[in-house]
Amino acid sequence: MASRILTLRGAPKPLNGTYIRNGPGLWEVGGSAFHHLFDGYATLVRVSFRQGRATGAHRQIESDAYVSAVASGGPVLREFSQCPKPGSLLDRVSNVVGIVSGAVITDNANSAVPPLGDGRVLCLTETTKSSVLVDPETLATVGKLKHADGLGGMMMMIQSAHPIVTESEILTMLPDLARRGHLVVRMAAGSDERKMPLRYSASSLIKCEPAPYYAFEWLPAYGSYMHVMCRSTGKTVASVEVPPFMVMHYINAYEEKGLDGRAARVIVDCCEHYGDPSIVETLVLHRLRSFGDKDVLPNARVGRFRIPLDGSPFGELDTALDPEEHGRGIDMCSINPAHLGKRYRYAYACGARRPCNFPNTLTKIDLAEKTAKNWHEVGAVPSEPFFVARPGATDEDDGVVISIVSALGGDGYALVLDAATFQEIARVRFPYGLPCGFHGCWIPDKTLPGRFI
Ligand SMILES: [Fe+2]
């Protein structure tokens with residue numbers, strides 16, 4: 001739909017730019033309905049702030065999966081939880097051919113929306129064919145990102161849905177479906193070519209079977225390992241066994257020095273489910289639609305890995321703060337991007353309000369004080385709180401946090417919180433309801449002085 005002026009309550013600080021959020025937003029096409037959260041066709045939501053006014057829009061990503069589903073009255077390509085049983089031998093053969101060639105695999109880019117640093121905005125999920133470019137103003141689908149490097153190939157049709165994005169590059173992983181291992185790749189801003197390919201030994205990582213395609217096997221007997229690579233050379237500098245863990249989103253990682261002033265260990269923080277893989281099963285829609293006042297998901301904590309750099313064979317995993325601070329639920333995290341890869345104090349995430357552990361709060365974690373501030377409204381389901389720093393800020397939490405909220409009664413709005421106090425600054429109401437969603441990005445308005453960056 002076209003952009004339209006929306007009501008803005010309150011007066012935010014000079015916030016000039018565009019927030020875009022991606023996520024599944026359509027779970028029914030024709031007479032067919034999906035049953036898992038990750039199946040939904042991607043919906044983009046945009047809120048643009050300019051000199052105290054806000055405009056908003058939403059639009060479906062016109063992936064091949066979505067377009068063909070609309071045309072056919074039901075899904076044509078295979079989504080996350082779909083594993084249709086072939087009937088005849090011919091069906092089985094064509095199914096195998098379709099998987100190996102990627103022809104039946106989805107390109108439904110419903111997870112992240114990273115800007116590439118050269119003005120282009122990418123939407124993606126776990127399949128490499130889902131790398132869809134969109135116009136950040138109109139939200140129109142403008143094409144697919146065609147990599148110029150020739151990396152990947154038939155057995156590397158999967159990618160991380162959570163690349164690490166800086167102003168200058170994007171780092172991601174390509175799992176190898178034929179052999180255990182990953183290719184770790186980087187792509188400079190303004191390029192379509194991924195460089196520094198490296199065979200990343202994952203022989204002791206939790207094994208991911210290529211079939212059934214979107215299902216995971218939990219194989220704790222294989223052990224859980226973490227590997228540390230030198231970012232500039234690609235050399236593995238540590239490889240340690242750690243306790244079994246279940247993580248969908250990492251918060252940050254940084255080096256910690258020892259008494260001699262040299263790097264002694266790497267700290268890795270994450271949203272961790274106590275090694276319980278059932279989180280994947282529990283994200284089915286009928287559970288999420290009826291969470292009420294009881295726990296429907298495995299408990300979650302801020303997990304902290306300590307990976308020694310002295311050649312020790314084992315790393316540690318413990319809990320960074322009392323999980324009761326955030327209601328035993330924590331996921332969909334962000335930090336001040338200036339602290340990416342560096343020591344930091346604050347993380348922003350969706351937490352929970354007891355007696356349920358469903359992520360129904362916006363939560364600011366203070367890792368120094370080991371406390372949390374929580375924003376909560378009855379019946380509201382917020383999406384990832386995204387931190388945007390104030391221009392010229394020196395304090396880590398000097399800025400705002402933006403989240404799209406699906407409210408009780410079907411309303412939807414963008415919420416702007418002061419990141420320091422975690423108090424509401426502004427609320428931008430949409431004239432219609434908004435689906436829940438996943439990840440967002442911030443594109444500053446470079447034409448206005450004093451912009452948020
Ligand atoms: Fe995610």
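This short talk walks through one predicted protein model, from the whole chain down to single residues.

Let me begin with confidence, since what we are looking at is a predicted model. The mean pLDDT of the protein chain is 83, and 85% of its residues reach 70 or more. There is a stretch, residues 194-215, where the pLDDT is below 50, although in the model this stretch still has 52 contacts beyond its near neighbours in sequence. Residues 449-453 also have a pLDDT below 50, and for them the model shows 19 contacts beyond near neighbours in sequence.

As for the chain overall, its secondary structure comes to 4 helices and 32 strands. Of the 453 residues in the protein chain, 40% are buried. If we take the contacts between residues at least 6 apart in sequence, 56% of them join residues that are at least 24 apart.

Let us turn to a helix. Helix α1 covers residues 64-72, and its buried residues are Ala 65, Tyr 66 and Ala 69. Why do these residues line one face of the helix? Seen down the axis of α1, the buried residues fall within an arc of 95°, so they line one face. In general, an α-helix has 3.6 residues a turn, so residues three or four places apart point the same way. The cover over the buried residues of α1 includes strands β5 (28-29), β7 (41-50) and β8 (53-60). After α1 comes Gly 73, which has a positive phi, near 75°.

An unreviewed UniProt entry lists His 162, His 249 and His 439 under "binding site". These three span 278 residues in sequence, yet no two of their C-alpha atoms are more than 10.8 Å apart, so they gather at one spot.

Is His 249 buried or partly exposed? His 249 has 17 C-beta neighbours inside 10 Å and therefore counts as partly exposed. Leaving aside neighbours within four places in sequence, His 249 is in contact with His 162, Cys 270, Cys 271, Asp 331, Met 332 and Cys 333.

His 439, by contrast, counts as buried, because it has 23 C-beta neighbours inside 10 Å. Its place is the loop between β31 (424-430) and β32 (440-444). Not counting residues up to four places away in sequence, His 439 touches Asn 22, Ser 111, Ala 112, Val 113 and Glu 384.

I will finish with a few points of backbone geometry. Arg 354 and Pro 355 are joined by a cis peptide bond, with omega at about 20°, and Pro 355 lies in the loop between β24 and β25 (361-366). Tyr 274 has a positive phi, near 50°, in a residue other than glycine; Tyr 274 is in the loop between β20 (263-272) and α3 (279-282), and counts as partly exposed because it has 18 C-beta neighbours inside 10 Å. Arg 328 is not a glycine either, and its phi is positive at about 65°. Arg 328 belongs to the loop between β22 and β23, and with 21 other C-beta atoms within 10 Å, it is buried.

Key
Residues are numbered from 1 along each chain as its sequence is written. This is a predicted model: local features need pLDDT of at least 70, side-chain atom pairs count only at pLDDT 80 or more; totals for chains, interfaces and linings use all residues. pLDDT is the predictor's confidence in each residue, from 0 to 100. Two residues are in contact if their C-beta atoms, placed from the backbone, lie within 7 Å. A residue is buried if 20 or more other C-beta atoms lie within 10 Å of its own, exposed if 12 or fewer, and partly exposed in between; C-beta atoms are placed from the backbone. Helices (H or I, at least four residues) and strands (E, at least two) are DSSP runs, numbered from the N terminus. The arc is that of the directions from the helix axis to the C-beta atoms. UniProt positions are given in the numbering used here, feature names are shortened, and annotations may be inferred rather than shown by experiment.
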